[in-house]
Amino acid sequence: MSELLSNHTSLHIGGPAKTFVRATTEEELVNAVKAADAAGEDWDGFVAWILDKGFAGLETMSGIPGTVGGAPIQNIGAYGHEVSEVIARVRTWDRKAGAYKTFSNSECEFSYRSSVFKKNPGRYVIIDVTFQLRNGEMSLPITYKELASYLGVELEARALVSDVRKAVLALRAAKGMLLDSNDHDTWSAGSFFVNPILSAEAAAKLPADAPRWIQEDGRVKTSAAWLMEHAGVKKGQIHNGAGVSSKHVLALVNTGSATAADIVDMARLARSAVKDKFGIVLEPEVQFVGLSL
Ligand SMILES: Cc1cc2nc3c(=O)[nH]c(=O)nc-3n(C[C@H](O)[C@H](O)[C@H](O)COP(=O)(O)OP(=O)(O)OC[C@H]3O[C@@H](n4cnc5c(N)ncnc54)[C@H](O)[C@@H]3O)c2cc1C
């Protein structure tokens, strides 16, 4: 009997794998590249370990599910910081060239939820990631309003890394953004859509109270969650076996019996609602295998 992918996805969805390999050494990883996802170092275990060793820089990214090798792929980020801020280099196995290739930070072409690895799907297997972190007990500046107010500090202030980690884990738990197999609100792929980045002209057409984060190039990032909520998508809404988390509108969930097609239908409903109301097409953060939005 083939291994079911539903045993390995946070949505608890997925049929039998053609091949399932669990690699335990670097050599096995390179020889069986399909096993890359299963061979990785747990991200949050790594974050906890590194903070405990007295390094700062990863604290706001506590609790993100996944592996260290997966982290550079979409340049993971949360609560005001992205992993690209602290990556020095990434060593990969280039499947096309049949050779190892090391990328400096700038060669990784990091941007919001993207990288050279994501733009070349399946080409580079990430073998290891070198981080450049500060030694110390104070965090990176707190740039995320909700986190600053939870910690009771001013924006741009620093806090103890241990306090920041605790605060982030608490905020994530309240939004169903920590995996818990007993809680269907966490049977998600995290944020389903990325926050849209609009031209200044398009952003000017948004309602006055829509969130706006000005980007370095003058464009404006707004909140996909805000757009969905203001387009009538409701927390706790259910569509067949799929639904919207009752804790966070951006998390589309498997309520227990969803198929992948149900999740896609739910995503289409949410995307149409936002397009009809605001004329903005939400782009998925999740990657699709075997189907599309
Ligand atoms: C509840 C929940 C909350 C989340 N919150 C956040 C968040 O706050 N911020 C955020 O940025 N993301 C978030 N995510 C998304 C997810 O955690 C990240 O994308 C994470 O990096 C996935 O890591 P993974 O190892 O599980 O990769 P997978 O999801 O297994 O794979 C993602 C992609 O990376 C590729 N890949 C993985 N490892 C490697 C490797 N070693 N070499 C080459 N390619 C590889 C895979 O082939 C695939 O294309 C969340 C997800 C969930 C379920």
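Glu26 counts as partly exposed, because its relative accessibility is 37%; the label covers values between buried (under 20% relative accessible area) and exposed (over 50%), worked out with a 1.4 Å probe on protein chains only. The model is predicted, so to speak of local features takes a pLDDT of at least 70 and to count side-chain atom pairs takes pLDDT 80 or more, while totals for chains, interfaces and linings use all residues. Residues are numbered from 1 along each chain as its sequence is written, and side-chain values rest on heavy atoms, with hydrogens and water left out.

Glu26 is a handy way into the salt bridges. A salt bridge here is a side-chain nitrogen of Lys or Arg within 4 Å of a carboxyl oxygen of Asp or Glu, and the whole structure has 12 of them. In one of these, Glu26 meets the side chain of Arg91, at 3.3 Å from N to O. Arg91 belongs to strand β4 and Glu26 to helix α1 (residues 26-31), so this pair ties together parts that are 65 residues apart in sequence. Helices (H or I, at least four residues) and strands (E, at least two) are DSSP runs, numbered from the N terminus.

Arg91 has another partner as well: a salt bridge with Asp128, where the closest N and O atoms are 3.0 Å apart. That pair also links distant parts of the chain, with Arg91 in strand β4 and Asp128 in strand β6, 37 residues apart. Put together, Glu26, Arg91 and Asp128 are linked in a network of salt bridges. Arg91 is partly exposed, at 23% relative accessibility, and Asp128 is partly exposed too, with a relative accessible area of 30%. Elsewhere, Glu229 and Lys235 form a salt bridge whose closest N and O atoms are 4.0 Å apart. Both ends of that pair are partly exposed: Glu229 has a relative accessible area of 38%, and Lys235 has one of 42%.

Strand β4 spans residues 87-94 and is mostly covered, with 6 of its 8 residues buried. Strand β4 sits in an open sheet of 3 strands, in the order β5-β4-β6, with antiparallel pairing. That leaves β5 and β6 as the edge strands, each pairing on one side only. From one strand to the next, the twist averages 20 degrees; the axes behind such angles are lines fitted to C-alpha atoms (for helices, over the stretch in contact), and the angles run from 0 to 180 degrees between N-to-C directions.

Strands count as paired if DSSP finds at least two bridges between them. On one side, 7 bridges join β4 to the antiparallel strand β6 (residues 124-131), and Trp93 has Val125 as its bridge partner there. β4 and β5 form a hairpin with 4 residues between them, and Gly98 in the turn has a positive phi of about 65 degrees.

Aromatic rings come next. Rings of Phe, Tyr and Trp (its six-membered ring) pair if their centres lie within 6.5 Å; planes under 30 degrees apart count as stacked, over 60 as edge-to-face and the rest as tilted. The structure holds 12 aromatic pairs. Trp93 and Tyr100 make one of them: their ring centres are 5.1 Å apart and their planes lie at 75 degrees, so the pair is edge-to-face. Trp93 is buried, with a relative accessible area of 18%, whereas Tyr100 is partly exposed at 43% relative accessibility. Phe117 and Tyr124 are also edge-to-face, because their ring centres are 6.1 Å apart and their planes are at 80 degrees. Phe117 is buried at 4% relative accessibility, and Tyr124 is buried at 12%. One aromatic cluster is made up of Trp43, Phe46, Trp49 and Phe131.

Finally, some charges sit over rings, a label that needs NZ of Lys or CZ of Arg within 6 Å of the ring centre and within 35 degrees of the ring normal. Lys101 has its charged end over the ring of Phe103, 4.7 Å from the centre. Lys221 lies over the face of Tyr112, with 3.8 Å to the ring centre.
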